Amino acid sequence: MTPLLSTCYAGASQSGASHRRPVARPIPSIINQRSAIINPGAFALPPRRAFTFIELILSIAIVCILAVLSIAGINQVKPVIQGSYCANSLRQLGLATTMYLNDHEHKCFAYAQLESAGKLWYFGFETYGSIASSEGDRVVDVTKSPLYPYVQQVGGVQICPSFPYGQAIWKPKYQGASWGYGFNTFLSNVNTLAIQHPSQVLIFGDCAQVNNFQAPADYSHPMLEEFYMIENTYQTIHFRHGGWANILFLDGHVQKFTMYPGTLDTRLPNCDVGRITQFGSMQYLQ
C-alpha cells in the first residue's frame, strides 16, 4: 500500500468473514497541491503597485533632507569633539610642565635663549644655520626641549586636530609640525611660587599667526602658520574650535574663550586669529 494513500475498509465485520475491496483516497495535502497546479491563480499573491512619479520625487526629497540634516549635525559636533581632544593635549602639556617645575625649584623655562650653536626654544633646539634657512625648511630638534623628557613621561602631546595642516592656507615654518600651542612669554624664567593666583594666569593656549611677510606668503597672499608666543600686544590666539580657543592655566585647568571684540586679524578674517583680551592688557599673563 502506497504511503501517500490512506485505506478505508467499509463494512468489515468484527469476525473478519466479510471483506470489501479497499478504496484509496488522496490525502488533503495532495488535493491542495493538485488544485494549485490546476489553478495556480487561486494561490498567487496580488500584483504589486509601482511607485508613481510623484511618490518617487517625494522619497528622493526626504532622503536628501535627511542627508543635509545629518551633515549639518556632524559639522556642529565636529568642533566640539576636536576641541575636547585639544583640551586633553593641553592638560598633558600642563602635567609635563608641572613635573618640570617640581624638578627645577618651580622656576619656569625660558621661551627662548641663545646658545653657542643656535637657539633653544621651549619646544626644541634650532641651529643658526636652520634659522637662516627658508621657511618650511627649518629644522628643530624637539628632543632638546626642556620639556621633552616630561612630555615623554606623560605619554606625549598630540597635534591639535583643528589646525589646518596641509591646507592651501597653511604656511609651514619647520619641517613637520609642533603642537600648535603658544607659551605665555611673561612666565620665562619666573618662579611660579611667586604667582598669587595661578588659576588666573595662563601658560599655554591655542596659537597661530597670520603671516604676510615671509615667502611663500606675501602682502597679497597672507597665510596661516604655527606660532609659539602669547603676550600683551600680538594677535596670536587661534579660535579654531568653532569660534572659541582652549587656554591652559597654571593650576592645570583648561578654559574656553571667545575672541575679544575688535581684536580679529583682518588679514585672514576667516581664520579667527585674535586676542582674548584688549590690546595691551596684562590680564591672564601675570
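Accessible area is taken here from the Shrake-Rupley method with a 1.4 Å probe.

**View 1. The whole protein chain in a predicted model.** The protein chain exposes about 16900 Å² in this predicted model, and carbon and sulfur atoms supply 59% of that area. Along its 286 residues, of which 37% count as buried, the protein chain has 4 helices and 14 strands. When contacts in the protein chain between residues at least 6 apart in sequence are considered, 61% of them join residues at least 24 apart.

**View 2. An open sheet of 5 strands.** The strands of this open sheet follow the order S10-S6-S7-S12-S13, and their pairing is mixed. At the edges are strand S10, residues 229-230, and strand S13, residues 254-258, each of which pairs on one side only. Within the sheet, S7 and S12 run antiparallel and are joined by 3 bridges, and Phe-204 has Leu-248 in S12 as its bridge partner.

**View 3. The hairpin of S12 and S13.** Strand S12, made of residues 244-249, runs antiparallel to S13, and 5 bridges join the two. Among the residues paired in this way, Ala-245 has Phe-257 in S13 as its bridge partner, while Asn-246 is partnered in S13 by Lys-256. Between the two strands of the hairpin there are 4 residues, and Gly-252 in the turn has a positive phi of about 100°.

**View 4. The largest nonpolar core, with 46 residues.** Tyr-122, Phe-183 and Phe-204 are the residues with the most contacts inside this core. At least two residues of the core are supplied by each of helix H2 (53-103), helix H4 (148-153), strand S6 (181-184), strand S7 (202-206), S10, S12 and S13, and the largest share, 7 residues, comes from H2. Leaving aside its neighbours within four places in sequence, Tyr-122 is in contact with a set of residues that includes Phe-109, Tyr-111, Pro-146, Leu-147, Trp-179, Phe-183, Phe-204 and Tyr-228. Apart from this core lies another one, of 8 residues, among them Phe-163, Leu-268, Cys-271 and Val-273. In soluble globular proteins, nonpolar side chains tend to be buried together.

**View 5. Ser-89 in helix H2.** With a relative accessible area of 4%, Ser-89 falls under the 20% cut-off and therefore counts as buried. Not counting residues up to four places away in sequence, Ser-89 touches Val-157, Gln-158 and Tyr-181.

**View 6. A nonpolar patch on the surface.** Leu-114, Tyr-128 and Ile-131 form this patch, and together they have about 290 Å² of accessible area. Ile-131 lies in helix H3, which covers residues 128-131, and its relative accessibility of 31% is the reason why Ile-131 counts as partly exposed.

Key
Residues numbered from 1 in each chain as written. Predicted model: local features only at pLDDT ≥ 70, side-chain atom pairs only at ≥ 80, totals over all residues. Heavy atoms only, no water. Pairing = 2+ DSSP bridges. Patch = residues over 30% accessible without salt bridge, like charges linked within 9 Å, V, L, I, M, F, W, Y side chains within 5 Å. Salt bridge = Lys/Arg side-chain N within 4 Å of Asp/Glu carboxyl O. Buried < 20%, exposed > 50% of the residue type's maximum accessible area, 1.4 Å probe, protein only. Contact = heavy atoms within 4.5 Å. Core = buried A, V, L, I, M, F, W, Y, C linked by side-chain atoms within 4.5 Å.
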